Amino acid sequence: MASLEEIRKTRLDKLALLEKAGMDPYPSKVPRDMCLMDARDNFKQYSKDQKLISLAGRVIARRGQGAIFFVDLNDGKGKLQAVFKKDELSESLFNLFSEAIDLGDFISVAGTFFVTEKGEESLLVSSWKIAAKSLLPLPEKWHGLENEELKLRKRYLDILTNTEVKEMVIRRSTFWQATRDFLREKDFTEVETPILENIAGGAEAKPFITHHNALDLDLYLRISPELWLKRLLVAGFQRVFEIGRIFRNEGMSAEHLQDYTQMEFYWAYADYNDGMKLVEELYKYVAEKTFGTLKFKIKDHQVDLGAEWQVYDFCQTLKKETGIDPTETTLEEVTKKLQELKVEYDHKGFNLTRAIDSLWKYYRKKIVGPGFLINVPVFLEPLAKRKKDNPKLVERFQVILAGSELGKGFSELNDPLDQAGRFKEQEKLRKEGDEEAQMTDKDFVEALEHGMPPACGFGMSERLFAFLSDKPARETQIFPLLRPRD
């Protein structure tokens with residue numbers, strides 16, 4: 001079997017043949033009247049008219065020899081057979097095709113439609129041009145890409161040769177379009193907010209740091225658009241949302257990414273109870289539009305989004321499972337329980353907030369859902385409004401599916417004094433080594449002092465799409481981040 005370098009050298013020789021024949025191997029444009037799918041859909045009419053038609057696509061199969069070649073073209077939307085007969089083409093064009101064209105090349109063909117003796121709808125070629133010469137072969141030469149890392153590294157080839165991956169890319173687009181359509185139908189305004197920030201706020205996460213050369217200023221890549229979107233509520237907007245990239249410099253796992261797409265909406269004059277109703281409706285709508293079903297197998301769980309959504313009480317659940325009340329415990333007590341359960345956790349910057357969160361994540365795996373987690377302690381959520389009947393808790397809800405949290409929202413904290421106080425508590429945690437604790441954003445507090453109406457906010461990421469697809473998050477990204485090759 002020839003090596004890739006030998007194949008490339010042979011194809012370079014064929015490229016030279018094309019140039020010698022006066023063909024530009026990489027023209028700016030080639031004749032093309034329609035896509036191949038449209039050609040197939042209207043084949044009968046075009047065949048009857050016998051009008052000269054120009055089509056273009058990649059050569060994905062080639063059969064025959066001598067005086068006739070049968071060539072399968074694919075343009076990404078459809079496939080059609082082109083037939084090259086020696087007596088229908090000039091001798092020079094026929095011979096050039098025979099000698100210079102390989103699988104993977106893009107060509108433009110002109111001809112008339114006809115049906116072969118075997119009943120195949122085809123184009124009888126009367127002329128052709130090169131559209132782009134490929135110098136390396138398609139992976140089918142070696143039965144596709146089999147190495148998992150290579151599939152991700154050469155994602156373009158994986159998509160080209162794997163129908164399932166291509167369909168995933170299309171479903172991913174449908175997922176976000178359905179989200180957008182749902183919110184617009186509910187009268188939300190789509191906006192864009194900054195990605196480069198002086199202060200990384202709106203979530204508990206370690207940010208990426210970059211440098212702005214013109215301003216000679218270190219900046220953060222945003223970890224959430226939340227604080228910008230809430231400024232728009234101050235500005236008078238009632239319903240806003242954003243779908244965009246966020247960046248979190250944290251560990252990698254099957255569920256977590258560092259560079260991913262997230263949607264957040266903010267809804268004035270609504271609270272977390274309103275949010276839960278809207279989010280349940282949103283998830284059902286998006287799932288139905290994207291996957292055509294409300295029933296999913298996710299890991300070892302069978303999840304039915306059409307079933308009655310449950311409500312899980314954070315404090316009651318942990319107390320029942322561990323004997324620990326998150327609002328009446330100490331770091332030592334929770335650490336002892338984590339060690340007893342052999343739960344691994346990051347010791348750097350470890351505090352009561354991280355300890356309770358680690359304990360909850362251990363038990364969360366048992367919950368199938370669908371449902372909402374509520375009644376979280378205030379120290380776990382610096383941006384949520386306190387419950388009137390129990391100020392130790394906040395009005396927060398999280399979507400629970402298949403043992404994981406797949407979306408979070410709350411009644412937004414709009415009391416500037418309370419917000420300033422919680423930022424101070426977060427700042428103490430940062431000084432003690434908690435790199436995920438939130439930074440103090442004085443400008444945001446000042447915005448709140450101008451007045452923000454009661455509101456509900458909610459965010460979900462592409463992790464929901466990965467879960468519903470029952471795949472690791474990295475595999476559902478189109479071009480996931482990988483280490484560079486040596």
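1. Helix pair α8/α14. Leu 227, Lys 230, Arg 231 and Val 234 of α8 meet Asp 443, Phe 444 and Ala 447 of α14, where contact means heavy atoms within 4.5 Å. The two helices span residues 226–234 and 442–449, and their axes come within 9 Å and cross at roughly 20°. That makes α8 roughly parallel to α14, since angles under 35 degrees get that label. The axes are lines fitted to C-alpha atoms over the stretch in contact, with angles running from 0 to 180 degrees between N-to-C directions. The crossing of α8 and α14 is left-handed, i.e. the near helix is turned anticlockwise from the far one by less than a right angle.

2. Ground rules. This is a predicted model, so local features need pLDDT of at least 70 and side-chain atom pairs count only at pLDDT 80 or more, while totals for chains, interfaces and linings use all residues. Residues are numbered from 1 along each chain as its sequence is written, and side-chain values use heavy atoms, with hydrogens and water left out. Helices (H or I, at least four residues) and strands (E, at least two) are DSSP runs, numbered from the N terminus.

3. Cores. The largest nonpolar core has 42 residues, and Met 263, Phe 265, Tyr 283, Phe 397, Phe 458 and Met 460 touch the most other members. Helix α9 supplies the largest share of this core, eight residues. Apart from it lies another core, of 39 residues, among them Tyr 266, Tyr 345, Val 376 and Met 452. A core here is a set of buried Ala, Val, Leu, Ile, Met, Phe, Trp, Tyr and Cys residues joined through side-chain atoms within 4.5 Å. Buried means under 20% relative accessible area, exposed over 50%, and partly exposed in between (1.4 Å probe, protein chains only).

4. Met 460 up close. Not counting residues up to four places away in sequence, Met 460 touches Phe 175, Trp 176, Thr 179, Gln 262, Met 263, Leu 282, Tyr 283, Leu 406 and Gly 407.

5. Arg 180 sits in α7 (residues 163–185) and counts as buried because its relative accessibility is 17%. Beyond its neighbours within four places in sequence, Arg 180 is in contact with Glu 190, Phe 241 and Ile 243. Thr 335, in α11 (residues 331–340), is buried too, at 15%. Its side chain reaches the backbone oxygen of Leu 331 at 2.7 Å. With neighbours within four places left aside, Thr 335 is in contact with Tyr 345 and Phe 350.

6. Most residues other than glycine have a negative phi, and most peptide bonds are trans. Tyr 269, not a glycine, has a positive phi of about 65°; Tyr 269 is in the loop between β11 (259–268) and α9 (272–291) and counts as exposed at 58%. Asp 470 also has a positive phi, about 55°, in the segment after α15 (463–469), and counts as partly exposed at 34%. Then there's a cis peptide bond between Gly 369 and Pro 370, with omega about 5°. Pro 370 is in the loop between α12 (352–364) and β15 (371–374).

7. Leu 93. This one is in helix α4 (residues 91–100). Leaving aside neighbours within four places in sequence, Leu 93 is in contact with Met 23, Ser 127 and Trp 128. Leu 93 and Thr 476 are 383 residues apart in sequence and 44 Å apart in space, C-alpha to C-alpha.

Terms used
Polar contact = N/O pair within 3.5 Å; in protein donor to acceptor, adjacent residues only side chain to side chain. Parallel < 35°, antiparallel > 145°, perpendicular 65-115°, else oblique.
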